[in-house]
Amino acid sequence: MASVQHDDIPHFDVLIIGAGLSGIGTACHIKNTFPKKSIRLLERRETLGGTWDLFKYPGIRSDSDMLTFGYNFRPWNKLHTLADGPAIKQYISDTADEFGVTEKIQFGVKTISANWDNEIRCWTVIALHDKSGEKRKYTCGYYISCTGYYNQDAGYLPVI
């Protein structure tokens, strides 16, 4: 049974949370494999890149070579295989632009909840637009979390 759309809630076939390395890669794969599917990415930050935008300390780089860390559909073609943070962020950004994914990203939107709704047979996602404080509601057939491991509200404080 197909999902039923209610009211003026934006509905997407696929909703991806996060526009870092994995979110952009996932969106590119879906767009290439299923070109007629509607896709939206919700990114909490004001730019894409995830870890490679968030952390900017001197010397930040990948500890994995980019020939295996990079996208198989857009191979890394630089001479330095242990890339620094800015080069990786540029690679992610260029990939998003080349594959038409950048315009599918909503920036500054923090996902608050995602719940499967049996009645309408799809996911209902609530997000908060950071600048305006406005709550936004979306529905989607597939919900994919590509948020990484970092808690942007507070760093990890172990109990000792």
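Helices (H or I, at least four residues) and strands (E, at least two) are taken as DSSP runs, numbered from the N terminus. On this basis, the chain holds four helices and six strands. The model is a predicted one. Along the sequence, the elements follow the pattern β-α-β-α-α-α-β-β-β-β.

The overall dimensions were computed from the C-alpha atoms. These atoms fill a box of roughly 50 × 45 × 30 Å along the principal axes. The chain has 160 residues, and 35% of them are buried. Its accessible surface is about 9800 Å². Carbon and sulfur atoms contribute 53% of that surface. Among contacts with a separation of 6 or more, 59% link residues 24 or more positions apart. Charged side chains number 18 positive and 18 negative. The centres of these two sets are 1 Å apart.

The six strands form an open sheet in the order 3-2-1-6-5-4. The pairing is mixed. Strand 3 (105-107) and strand 4 (109-117) lie at the edges, and each pairs on one side only. On average, neighbouring strands of the sheet are turned by 40° against each other, direction ignored. Strands of a sheet pair through backbone hydrogen bonds, in either a parallel or an antiparallel sense.

Strand 2 (residues 39-43) runs parallel to strand 3, and three bridges join the two. Within this pair, leucine 42 has glutamine 106 of strand 3 as its bridge partner. Helix 1 (residues 21-33) packs on the sheet. The helix touches strand 1 (11-17), strand 2, strand 3 and strand 6 (135-145). The direction of helix 1 makes about 175° with that of strand 2.

Asparagine 115 stands opposite threonine 124 of strand 5. Aspartate 117 stands opposite cysteine 122, also in strand 5. The hairpin of these strands has four residues between them. In this hairpin, arginine 121 takes a positive phi near 55°.

Strand 5 continues the sheet toward strand 6. These two strands run antiparallel and are joined by six bridges. Threonine 124 stands opposite threonine 139 in strand 6. The hairpin of strand 5 and strand 6 has five residues between the strands. Here glycine 133 takes a positive phi, near 80°.

Isoleucine 17 counts as buried because its relative accessibility is 5%, and the cut-off for burial is under 20%. Residues up to four places away in sequence were left out of its contact list. The remaining contacts of isoleucine 17 are Leu42, Thr111, Tyr143, Ile144, Ser145, Cys146 and Thr147. Leu42 is also the residue bridged to glutamine 106 in strand 3. Lysine 31 is 14 residues from isoleucine 17 along the chain. The C-alpha atoms of isoleucine 17 and lysine 31 are separated by 15 Å.

Technical notes
Residues numbered from 1 in each chain as written. Predicted model: local features only at pLDDT ≥ 70, side-chain atom pairs only at ≥ 80, totals over all residues. Heavy atoms only, no water. Pairing = 2+ DSSP bridges. Axes fitted to C-alpha atoms, helices over the stretch in contact; angles between N-to-C directions. Contact = heavy atoms within 4.5 Å. Buried < 20%, exposed > 50% of the residue type's maximum accessible area, 1.4 Å probe, protein only. Areas by Shrake-Rupley, 256 points an atom, 1.4 Å probe, with all protein chains shown as cover. Lys, Arg positive; Asp, Glu negative; His and termini not counted. Charge placed at Lys NZ, Arg CZ, Asp CG, Glu CD.
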